[in-house]
Amino acid sequence: MSASSEVVDDRLVKLVSISSDDPLAPFVMRPGKEYVFSPDGQAVIGYRLKFGTAVVGGDPVGDRDSWAAAVDEFVALMKSKGKRIAVLAAGEQARDLWVAHGLASVPIGRDVVVRPEKFDLVGRKFRNVRQAIQRTHNAGVTVESYLEMDVPAEVKLELRNIVSATGRDTERGFSMILGHAFDGSQPESLMVIARDAEGRILGSHRYLRAGPADLSLDVPVRVNDSPNGLD
């Protein structure tokens, strides 16, 4: 079953919420994508058509038992339309599903996963990182967090001004940027904001909910004169 959407489909929200260990799952909701669902509706593939090629972003989203059916449905639909297929940022667990349909793979690296309970900065290899963090302490940097729906209007305005001043294009992306902050589509995303000792905003991170327990970084922004150690 194929569909397209300019707003967030409730089916997508539900499938993202049950996708575990997949930091790219939230980006299936990026506006402008088209969708093919598995016959049982329990998995979905997001894609865009570019120059006769159907470009998929990330793995199927939803119940992994339905991934293969979603891939089969997608491939059959694209073949019936005479479209080529490409997959950007496919994970190892989905790779064989595409290989079975004749696609070849090219390794491009791995996403970064941080598990706070297992992460520390002990050891010589983290010396530069520790020094950078110390510079943020020396500069009096503090951090506050909000659900996106609770960000005060004046903070939204300041963040938008920072994005404009730095020239950061938060709407560019496909498989790893959602963008469209403060448009009401992701009210429970997490905004983490850093300020200097005088209270000026230095930067922010936006995190999207990825499955039942994880967060995935969407767009990081910082002012050009922020201290080393602030991302």
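Predicted model: local features only at pLDDT ≥ 70, side-chain atom pairs only at ≥ 80, totals over all residues.
Visitor: Why is α2 called oblique to α3?

Guide: Helix α2 (residues 67–80) and helix α3 (residues 92–99) pack at about 40 degrees, their axes 10 Å apart. Because angles under 35 degrees count as roughly parallel, over 145 as roughly antiparallel, 65 to 115 as roughly perpendicular and the rest as oblique, α2 is oblique to α3.

Visitor: Which residues in α2 meet α3?

Guide: Taking contact as heavy atoms within 4.5 Å, Trp-67, Ala-68, Val-71, Phe-74 and Val-75 in α2 meet Gln-93, Ala-94, Leu-97 and Trp-98 in α3. These residues divide into 8 nonpolar, 1 polar and no charged.

Visitor: What lines the largest pocket?

Guide: The largest pocket holds about 1,900 Å³ of space and is lined by 46 residues, among them Pro-23, Leu-24, Arg-110, Asp-111 and Val-112, which lie nearest its centre. A lining residue has an atom within 4 Å of a point on a 1 Å grid, where a 1.4 Å probe fits, and a pocket is an open set of such points with protein on both sides within 12 Å along at least five of seven lines. Strand β10 (214–222) gives the largest share of the lining, 6 residues.

Note on methods: Residues numbered from 1 in each chain as written. Heavy atoms only, no water. Axes fitted to C-alpha atoms, helices over the stretch in contact; angles between N-to-C directions. Helix = DSSP H or I, 4+ residues; strand = E, 2+ residues; numbered from the N terminus. Nonpolar A, V, L, I, M, F, W, Y, C, P; charged D, E, K, R; others polar. Points joined across faces, edges and corners; volume = space filled by probe spheres on them.
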